[in-house]
Amino acid sequence: MRAKRAIWAVAAFAVIALAIAGPQSCTRGPAGASVGELARERGLSEADITAALKTYLPTGQLDEYVMFSSGGHSGQVLVIGVPSMRLLKVIAAFTPEPWQGYGYGAGGTMEALEGGLVNGKEVLWGDTHHPAISETDGEYDGQFLFIDDKANARVAVISLKDFETKQVLHNPLMGSDHGATFVTPNTEYVIQSSQYAVPLDGSYADLSEYQERYRGAVTFWKFDRAAGRIDPSRSFTLELPPYWQDLADAGKGPSMGWVFLGSFNTEMATGGIETTGVPFEAGASANDMDYLHAINWQRAEQVYQSGNGLRRIQGMSVIPLDVSISEGLLYLIPEPKSPHGADVTPDGRMIVTAGKLDPHVSVYSFEKIQDAIANETFSGRDPFGVAILDFDAVLEAQVELGLGPLHTQFDGRGGAYTSLFIETAVAKWSLEDFTLKEKIGVHYNIGHLAAAEGDTRTPDGNYLVALNKWSIDRFMPVGPLHPQNFQLIDVTGEPMQLLYDMPIGIGEPHYAQIIKADKLDPWLVYPEVGFSPHAMASDPNAVSSGEERIERNGNRVDVYMTAIRSHFTPEHIKVRQGDRVRIYLTSLETIRDGTHGFAIDKHNINVSLEPGESEVVEFVADQAGVYPFYCSEFCSALHLEMVGYLLVEP
Ligand code: K7E
Ligand code: CUA
């Protein structure tokens with residue numbers, strides 16, 4: 001498929017090049033102007049035309065890859081086709097979303113959102129940072145997607161059968177998270193680590209007690225693939241020093257069983273510019289070195305299962321720091337200076353970190369780390385007694401790349417790509433000889449980058465997307481709040497070529513992962529009529545055709561309703577003021593894209609009824625009056641007639 005497209009592209013380019021060069025071209029587009037004339041008129045260069053040829057998809061053709069991007073403050077996940085960079089879907093995770101009916105009914109989506117209650121409080125926004133596709137044997141398997149909410153230390157589980165959120169969990173031990181979500185190579189665990197330290201038990205402690213009372217943590221959420229849910233009762237947490245733990249990556253291949261977690265503010269600065277005169281930014285970046293945490297999660301799992309020395313804190317099983325030290329679960333590795341990214345190479349042999357305030361990437365050898373642990377080649381211990389491995393003993397190489405290196409991705413051919421925030425560029429360097437190969441400018445100030453199949457054992461090495469924080473002058477001005485800019489880069493050869501700019505006018509995305517489209521196998525309609533997306537099974541309350549009815553029990557009214565083009569049955573719902581009304585809705589549709597909506601005026605209710613879906617809404621009819629309910633999805637020629645009346649008698 002790809003080879004065929006490449007041949008086509010070469011042929012097409014030859015025609016266009018001829019057209020530009022030739023005096024009068026015979027290649028005329030349907031609208032009359034020749035391709036050459038069009039290119040000249042629009043001032044397009046050869047590079048522009050190749051970029052267009054590499055990204056353009058004629059109608060009906062599908063992308064080769066799908067990118068799952070964090071939706072930043074929107075609390076959602078963006079689904080984008082690559083290389084066309086077309087937005088395909090926005091998956092609601094932490095935030096209600098009306099079109100998907102997420103958070104406007106009474107069924108599964110409400111249960112999912114309720115899982116995200118923070119100490120009993122509704123928090124209806126999320127700051128999503130790092131999506132993680134489920135993996136089998138270190139390869140994306142296309143079954144599930146996980147995403148974190150940094151602001152409230154939450155994790156969401158999304159099924160890639162219907163691209164809907166099934167579960168939201170709040171981590172009571174953490175204030176905020178950042179090393180989340182990352183998965184172990186068989187999705188045994190979903191990793192979530194804290195960012196800004198707080199007392200784990202949720203209690204008050206003054207900042208003067210920071211070193212004694214504040215702590216970091218990393219939670220290993222056990223993923224139950226059959227249930228499609230995280231199982232908190234089989235999950236465990238390691239207590240960590242009160243550094244600000246940052247990004248994580250799981251080992252694979254030879255480093256299977258380990259996870260690596262950067263950190264900053266190992267100074268344990270407590271800020272207070274107003275009294276101390278030292279702001280956090282200065283206090284937290286005073287030292288030359290911070291610590292990469294190397295954690296043996298497989299051994300930690302054994303300690304957890306043995307139960308020895310565990311503490312229960314806020315309902316979570318926690319391995320205390322002293323147990324981690326004595327059991328050899330946790331080691332610190334010096335990393336320069338205010339590090340951010342931590343990325344394991346595809347072969348699992350090396351870990352790449354980058355310090356925001358250091359122009360190098362530092363590459364550590366997993367083998368050397370193991371030797372240093374075995375031989376106790378320590379340069380000391382931190383104030384909590386955690387062994388610090390000798391920097392020179394575990395370092396494989398440092399490569400000077402430029403200003404503000406953050407994150408690294410790989411191409412599977414020995415190439416590594418590091419984002420340079422300050423320099424606003426991507427640096428390509430070699431994992432074989434540790435030399436800088438080339439740089440490409442991006443627009444502007446890149447954060448993460450995502451390579452096709454980039455976190456697997458076998459990255460594809462063709463596409464890279466730069467997730468830029470600033471767009472400045474790249475797009476039509478839309479007021480002072482500018483979009484972010486995703487830039488697609490072709491990395492098949494040298495030099496790298498910039499192909500496409502995609503404005504992101506929602507939230508601020510952080511990380512993304514790109515999976516080969518043919519690894520996804522989503523449902524086109526629900527597998528049977530009366531299917532509950534929440535239970536992922538047939539719904540006992542589903543309504544079949546002919547079984548529609550209204551049942552009254554005291555002041556409770558149960559409505560069993562079906563929807564099919566272009567009517568609801570029943571169409572009249574008459575209740576008394578004060579009744580509690582439950583409407584069980586089943587779509588009898590079986591055709592692709594035959595979606596209905598169900599909205600009731602003035603009741604904050606809208607659900608999406610995809611073909612076969614069974615849903616439920618519930619409300620108290622507390623105001624007498626007449627309320628039309630209608631199908632909120634333009635489903636047919638008689639869509640506007642797909643309506644009914646809710647009559648609430650005084
Ligand atoms: Cu924005 Cu991964 Cu949260 Cu770096 S993070 S940029
Ligand atoms: Cu059903 Cu519109």
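Two strands pair if DSSP finds at least two bridges between them, and helices (H or I, at least four residues) and strands (E, at least two) are DSSP runs numbered from the N terminus. This is a predicted model, in which local features need pLDDT of at least 70 and side-chain atom pairs count only at pLDDT 80 or more, while totals for chains, interfaces and linings use all residues. Residues are numbered from 1 along each chain as its sequence is written, and side-chain values use heavy atoms, with hydrogens and water left out. The points below concern strands β5 and β13, the largest pocket and threonine 456.

**Strand β5 and its partners**
- Strand β4 (residues 132–136) runs antiparallel to β5 and is joined to it by four bridges; isoleucine 133 has leucine 145 of β5 as its bridge partner.
- Two residues separate β4 and β5 in a hairpin, and aspartate 137 in the turn has a positive phi of about 55°.
- On β6 (residues 154–159), six bridges connect to β5 in the antiparallel sense, with valine 157 opposite phenylalanine 146.
- The β5–β6 hairpin has four residues between its strands, and alanine 153 in the turn has a positive phi of about 55°.

**Strand β13**
- All seven of the seven residues of β13 (residues 258–264) are buried, so this strand is largely enclosed by the rest of the structure.
- Both faces are covered: one side carries Trp258, Phe260, Gly262 and Phe264, and the other Val259, Leu261 and Ser263.
- β13 pairs antiparallel with β12 (residues 244–250) over five bridges, where alanine 248 stands opposite leucine 261.
- Four bridges join β13 to the antiparallel β14 (residues 289–296), in which alanine 294 is the bridge partner of phenylalanine 260.

**Largest pocket**
- A pocket is an open set of points on a 1 Å grid over the protein atoms alone where a 1.4 Å probe fits, with protein on both sides within 12 Å along at least five of seven lines; lining residues have an atom within 4 Å of a point.
- The largest pocket is lined by 35 residues, and Phe163, Pro522, Trp523, Leu524 and Arg592 lie nearest its centre.

**Threonine 456**
- Threonine 456 lies in the loop between β28 (446–451) and β29 (463–468) and counts as buried because its relative accessibility is 0%.
- Its side chain reaches the backbone oxygen of glutamate 453 at 2.7 Å.

Terms used:
Chains are lettered from A and ligands numbered from 1 in the order in which they are written. Buried means under 20% relative accessible area, exposed over 50%, partly exposed in between (1.4 Å probe, protein chains only). Grid points are joined across faces, edges and corners, and a volume is the space filled by probe spheres set on the points. A polar contact is a pair of N or O atoms within 3.5 Å; within protein, one must be able to donate a hydrogen and the other to accept it, and residues adjacent in sequence count only if both atoms are side-chain atoms.
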